[in-house]
Amino acid sequence: MQNIYKQRLLHSHIDQVYVLSVKSFKDRITHIKDQMSRYGIPFVFIFDYDIPQLSRSELKVFGESQLAMAQKSLVLKHIQAWKDALKHHHQHVLIFEDDVILDKNFHEKLEKIIQAIKALPQDFLIFLGGGDTKVPDRFFLTQGPLVELPLATAEGYIVDLASIKKRMQWLKTHKIILPADHLIVKIDQDNKTSHYWSKEPLVEQGSVTGKFITKLDQHRLKHSKFFNVLRYHWNKIQRRKLRSFIVKLKYYLRKK
């Protein structure tokens, strides 16, 4: 009964869940199907724009840059999800990349986000990850489930229709020269679309936790899987738990 309630909650506030993947990534496809099934989340795959399918005309949206074909493919998959949301007039959509790992309390945390969304003006993006990412002191002192900050990575985020419309208009007059996460930040900053982080991460990146070998991050590819996993868990401790304690302690002492 509780599972049914959670699914209804998701359905009533999130019109569609998109998962961006590649037809040949069998391990990631199996993983994401298991994740979505385990949490009772209906979704659709975005398989468009796999590298072998990319045509010259489709690549004309890109300007001169250092983007690899894999990065261009992923950018186009994000855009395809926005296009589909716009076509079906979805008010709120949730977009996952295929290495996403959902938090064990995903539905409970999502409920808090949904309640916060109700109080937000239109034109926003909510980032659901970032548990190992550096954040400013105010992140730990802000009340409520959301903190206004630019998107860090793009493995999981919620966007509304107003932001999608503005994003698609921007793309009509600009060439793409940035990877997906930086592109989203650039477009939305130009459009004055507000970005928020969930204070409690709802997702992790499997290519960061060590579940998958990264397809895009050249920096992580330079190191062993063991080193990357160790660094990831150390960053979670030092950048969140430890810093949260220190920042709150300093704030308490200043108030005294």
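## Leu54 and its surroundings

Leaving out neighbours within four places in sequence, Leu54 is in contact with Tyr49, Leu59, Met69, Ser73 and Leu76, where contact means heavy atoms within 4.5 Å. Leu54 is placed in the loop between strand 2 and helix 3 (56–59); helices (H or I, at least four residues) and strands (E, at least two) are DSSP runs, numbered from the N terminus. Its relative accessibility is 13%, so Leu54 counts as buried. Buried means under 20% relative accessible area, exposed over 50% and partly exposed in between, with a 1.4 Å probe and protein chains only. The C-alpha atoms of Leu54 and Ser73 are separated by 7.8 Å, the two residues being 19 residues apart along the chain.

## Basis of the model

This is a predicted model, in which local features need pLDDT of at least 70 and side-chain atom pairs count only at pLDDT 80 or more, while totals for chains, interfaces and linings use all residues. Residues are numbered from 1 along each chain as its sequence is written, and side-chain values use heavy atoms, with hydrogens and water left out.

## Helix 8 and its two partners

Two packed helices are described by the angle between their axes and the distance between the axes. Axes are lines fitted to C-alpha atoms, for helices over the stretch in contact, and angles run from 0 to 180 degrees between N-to-C directions. Helix 4 (residues 69–87) packs on helix 8 (residues 180–191) at about 50 degrees, the axes being 9 Å apart. The two are therefore oblique to each other; angles under 35 degrees count as roughly parallel, over 145 as roughly antiparallel, 65 to 115 as roughly perpendicular and the rest as oblique. Leu74, Val75, His78 and Trp82 of helix 4 meet Ala180, Leu183 and Ile184 of helix 8. The residues of this contact comprise six nonpolar, one polar and no charged. Here Ala, Val, Leu, Ile, Met, Phe, Trp, Tyr, Cys and Pro count as nonpolar, Asp, Glu, Lys and Arg as charged, and the others, Gly among them, as polar.

The axes of helix 7 and helix 8 come within 10 Å and cross at roughly 100 degrees, which makes helix 7 roughly perpendicular to helix 8. Helix 7 contributes Lys166, Arg167, Trp170 and Leu171 to the contact, and helix 8 contributes Leu183, Lys186, Ile187, Asp188, Asp190 and Asn191. The residues of the contact of helix 7 with helix 8 divide into four nonpolar, one polar and five charged.

## Ile176 in the connecting loop

Ile176 is located in the loop between helix 7 (161–173) and helix 8. With 1% relative accessibility, Ile176 counts as buried. Not counting residues up to four places away in sequence, Ile176 touches Val61, Phe62, Gly63, Val75, Ile79, Leu171 and Leu183.

Helix 2 (residues 26–38) has 13 residues and reaches 18 Å from its first C-alpha to its last, close to the 18 Å expected at 1.5 Å a residue; the expected span is 1.5 Å times one less than the number of residues. Arg28, Ile29, His31, Ile32, Gln35 and Met36 are buried in helix 2. Seen down the helix axis, these buried residues fall within an arc of 160 degrees, so they line one face of helix 2; the arc is that of the directions from the helix axis to the C-beta atoms.

The buried residues of helix 2 pack against strand 1 (16–20), strand 2 (44–46), strand 3 (92–97), strand 4 (100–102) and helix 9 (206–209). Exposed residues Lys26, Thr30, Ser37 and Arg38 are carried on the face turned away from the buried side of helix 2. Just after helix 2, Gly40 takes a positive phi of about 65 degrees.
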